[in-house]
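Here is a protein model to walk through. Look at the overall layout first, then at the details.

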Amino acid sequence: MGVAAGQSDGSTPPWWRSAVFYQIYPRSFADSSGDGVGDLGGIRDRLGYLELLGIDALWICPVMRSPMADGGYDVSDPRDIDPLFGDLEILDQLIAEAHERGIRVTMDLVPNHTSDRHPWFEAAVAAAPGSAARARYIFRDGRGPDGALPPNNWPSIFGGPAWTRVVEPDGTPGQWYLHLFASEQPDLNWDNPEVVADFEQTMRFWLDRGIDGFRIDVAHGMAKPPGLPDMAPEIVAAVGLSAHPSEAAETADAEAKLLVHDDSDPRFNNPGVHDIHRRLRKVFDEYPDAVSIGEVWVEDNIRFGEYVRPDELHLAFNFRLAETPFDAMKIRAAVENSLESVARVGAVATWTLSNHDIEREVTRYGGGDLGLARARAMLLVELALPGAVFVYNGAELGLPNVDDLPEEVLQDPVWERSGRTERGRDGCRVPMPWEGTHPPFGFTRAAQSWLPIPAAWADRTVEVQLEQLDSTLSLYRTALELRRTCGEFDGDTIDWYGGPEDCLAFRRPGGLICVLNASAAPIPLPPGKVLLASAPLQGALLAPDAAAWLV
């Protein structure tokens with residue numbers, strides 16, 4: 001039987017509390033049009049694979065109309081599909097066919113800013129200071145002689161000042177507009193009722209088409225502090241961002257540094273953001289089965305938990321596990337912190353090891369066979385934890401980062417904005433290898449994919465790994481099936497076991513025991529029946545860099 005937003009009998013917990021979401025970076029998943037770029041038709045064509053994998057829901061990164069200054073996170077029309085990815089008809093088919101297979105479909109929404117090519121912003125630039133068109137964004141007069149200095153000292157996440165000056169209709173230098181990210185991404189003014197109403201219209205547009213919820217980009221950023229005060233100079237220095245336009249910063253590092261300063265950075269996590277989320281939640285409540293998932297870069301656990309109170313977001317991304325090295329004590333600390341951050345408000349944790357913005361886990365854990373072994377082990381740790389899990393496309397194949405892409409193919413805006421000193425995020429966005437022995441491995445009918453796939457991935461294709469019982473893909477399939485069907489995974493808490501140094505073990509209320517060996521020597525397993533191990537057992541011993549499930 002299919003599933004759809006709005007269907008809930010209230011007798012069971014919401015589907016999203018323990019769901020496994022599969023994150024799709026659309027241009028890198030599968031290409032159906034033959035242009036070398038992945039699209040919605042490619043996702044639709046591979047739904048059989050996704051059903052076989054055993055995931056519960058999709059999270060599709062932005063596919064709305066966009067000039068693609070930031071990979072689709074600069075939206076020029078939030079209620080249409082960009083032709084690069086297809087059209088509304090193809091999306092409707094994708095939703096319907098996914099629902100027939102029992103797979104939910106969520107997508108990205110970007111509320112903090114629009115594209116500078118959005119009709120609203122084009123109208124704002126053409127209008128006069130103080131106009132209703134400019135009131136949809138955050139325009140201010142400059143400081144200093146002739147208003148030649150930005151209104152405050154806020155830096156942009158992408159480097160340089162968070163302000164750009166416009167030329168007024170009469171040709172004179174004019175006001176400045178705020179953009180926390182790229183200059184092509186002007187921030188909206190969420191104090192303007194028209195902005196709120198338009199976003200609610202966008203939400204209903206997609207929910208009415210059958211979308212099952214949204215991942216909300218920069219969910220901690222829409223509210224700005226009254227008066228837009230300067231940032232303390234030491235905070236500007238600490239986040240490593242300059243207000244000088246010639247000095248760009250690497251996106252991922254900059255976002256990570258925000259975590260350290262969420263209590264003192266006036267750009268983010270302002271109290272007014274919660275009023276916004278409470279209003280948006282009322283729209284979600286009109287669609288009882290829909291889910292809201294916030295991108296929330298907030299370190300303080302109490303303030304993080306505020307975003308997932310019963311009348312705000314359903315889920316919020318916690319990135320601690322993805323930022324933690326392969327060290328048993330640090331992994332335990334990350335798990336404890338993540339559980340604590342949601343427990344006091346009755347929410348559930350979220351877990352992820354990678355996404356389209358960070359280095360893939362195989363590379364992060366050491367690369368090669370060692371990195372792959374550790375990534376397989378961490379999969380079992382992640383899936384054994386209570387809450388929702390997010391798997392990034394290609395993780396199930398054990399794909400590493402591709403850090404030697406030729407410079408001429410790099411497309412991440414970070415590459416150009418950094419003066420070609422930072423390679424950016426393309427290394428974790430290389431397309432999926434599906435079948436065959438040579439690139440592009442069935443990803444596209446074109447001669448090559450938008451980023452080249454390494455020839456060395458011939459042994460990592462979906463086709464090859466489906467035939468191997470010990471492959472990473474087979475491990476994922478088995479683990480997901482066990483998680484979905486075994487009552488031993490029940491319960492919202494864990495109890496820690498004592499164990500050897502550099503190891504950890506915990507038990508779920510339903511009876512599942514998860515053991516991780518992050519030491520350099522084999523360890524004895526506790527008593528119980530082994531359900532699954534990430535590496536072959538050595539008698540009753542668990543190998544180094546491995547994990548196991550027992551009941």
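How far apart do the C-alpha centres of domain 2 and domain 3 lie? They lie 57 Å apart. Keep in mind that this is a predicted model. The domain assignment gives domain 1 as 20–113 + 193–467. Domain 2 covers 119–178, and domain 3 covers 494–550.

Now turn to the nonpolar interior. In soluble globular proteins, nonpolar side chains tend to be buried together. The largest nonpolar core here has 147 residues. Within this core, Tyr 22 and Trp 549 touch the most other members. Helix H12, residues 368–384, gives the core its largest share, with nine residues.

Next, find Asp 70. It sits in the loop between strand E3 (64–65) and strand E4 (77–81). Is Asp 70 buried or exposed? Asp 70 is buried, because its relative accessible area is 9%, under the 20% cut-off. Its side chain makes a polar contact of 3.2 Å with the side chain of Gln 185. Leaving out residues up to four places away in sequence, Asp 70 touches Phe 158, Gln 185, Pro 413 and Arg 425.

Last, the cysteines. The disulfide count is zero. A disulfide needs the two sulfur atoms within 2.5 Å. Cys 503 is buried, at 11% relative accessible area. Cys 514 also counts as buried, at 0%.

Technical notes:
Residues are numbered from 1 along each chain as its sequence is written. This is a predicted model: local features need pLDDT of at least 70, side-chain atom pairs count only at pLDDT 80 or more; totals for chains, interfaces and linings use all residues. Side-chain values use heavy atoms; hydrogens and water are left out. A nonpolar core is a set of buried Ala, Val, Leu, Ile, Met, Phe, Trp, Tyr and Cys residues joined through side-chain atoms within 4.5 Å. Buried means under 20% relative accessible area, exposed over 50%, partly exposed in between (1.4 Å probe, protein chains only). Helices (H or I, at least four residues) and strands (E, at least two) are DSSP runs, numbered from the N terminus. Domain bounds come from an automatic or database domain assignment. A polar contact is a pair of N or O atoms within 3.5 Å; within protein, one must be able to donate a hydrogen and the other to accept it, and residues adjacent in sequence count only if both atoms are side-chain atoms. Contact means heavy atoms within 4.5 Å.
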